[in-house]
Amino acid sequence: MNRRAEREGPERTCVVTRQGRAPEDLIRFVVGPGDVLVPDIRRKLPGRGVWVSLSTAAVGEAVKRRAFERSLKTKVTVSPELPAEVDALLARDAIQALAMANKAGLVVSGFAKVEALAQAGRAAAVIAASDGAEDGKRKIGQALRRAPVAKEIPVVAIFAATELELALGREHVIHAALAPGPATEGFLARWRRLVRFRTNDAGETAFIDPVESDARDQTKTEPAGPKAE
């Protein structure tokens, strides 16, 4: 088992790819009230879990194959829009984490403040509104390159200005920067999961033949009970 799996817990098996992966590389699902399938993105809800690779395509394939019902061996209502619902939950989780970083005093906004923090080499990450002007993004990039210590700084550019305003409680947020700290790392971890989900970056995503899947449906599920991160 690799170091990542040791750090994050035992490997789980994706019901689509049949491959064992660390929990961080998967999305957990449980049966909620009314026998409705619920995404458990924090991996803490009680109940028997079913795991799918961190990938829009994999979740869509699981819905198409009825893999959740077969794995759980019970009738369960699965939304046909499940990939989009998971995406929305991951995005909301990231925005909430950004709000927590802001409450911790780790976020500054406004082009001048962001440029100064980036140019001084004290930015752990930079945020640019997805609907912001390209010229502003270019100038922030130039400020990062002028930092005294050359290092790769994450540039978060997938959230619209309205989402950033909601997270930070401020109007007209186009640029922001995060100082180093645990809350910043928490936000970046959730942002990376969202990006990986949208880009199908969950490692091997080749799907096995559906006929073979039906014949070999021996998917492992975990014992009932919540699993903490």
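Start with Arg-28, which stands opposite Asp-40 in β4. The model is predicted, so to speak of local features we need pLDDT of at least 70, side-chain atom pairs count only at pLDDT 80 or more, and totals for chains, interfaces and linings use all residues. Residues are numbered from 1 along each chain as its sequence is written, and side-chain values use heavy atoms, with hydrogens and water left out.

Strand β3, residues 26-32, pairs with β4 in the antiparallel sense over five bridges. Two strands pair if DSSP finds at least two bridges between them. Strands here are DSSP runs of E, at least two residues, and helices are runs of H or I, at least four, numbered from the N terminus.

The open sheet has three strands in the order β4-β3-β5, with antiparallel pairing. Its edge strands, β4 (36-40) and β5 (50-53), each pair on one side only. From one strand to the next the twist averages 35°. Angles run from 0 to 180 degrees between N-to-C directions, with axes fitted to C-alpha atoms, for helices over the stretch in contact.

Helix α2, residues 56-65, lies across β3 and β5 and runs at about 130° to β5. Contact means heavy atoms within 4.5 Å.

Now the loop between β4 and β5, where Arg-43 sits. Arg-43 is not a glycine, yet has a positive phi of about 60°. Is Arg-43 buried or exposed? Buried, with a relative accessible area of 6%. Buried means under 20%, exposed over 50%, and partly exposed in between, using a 1.4 Å probe and protein chains only.
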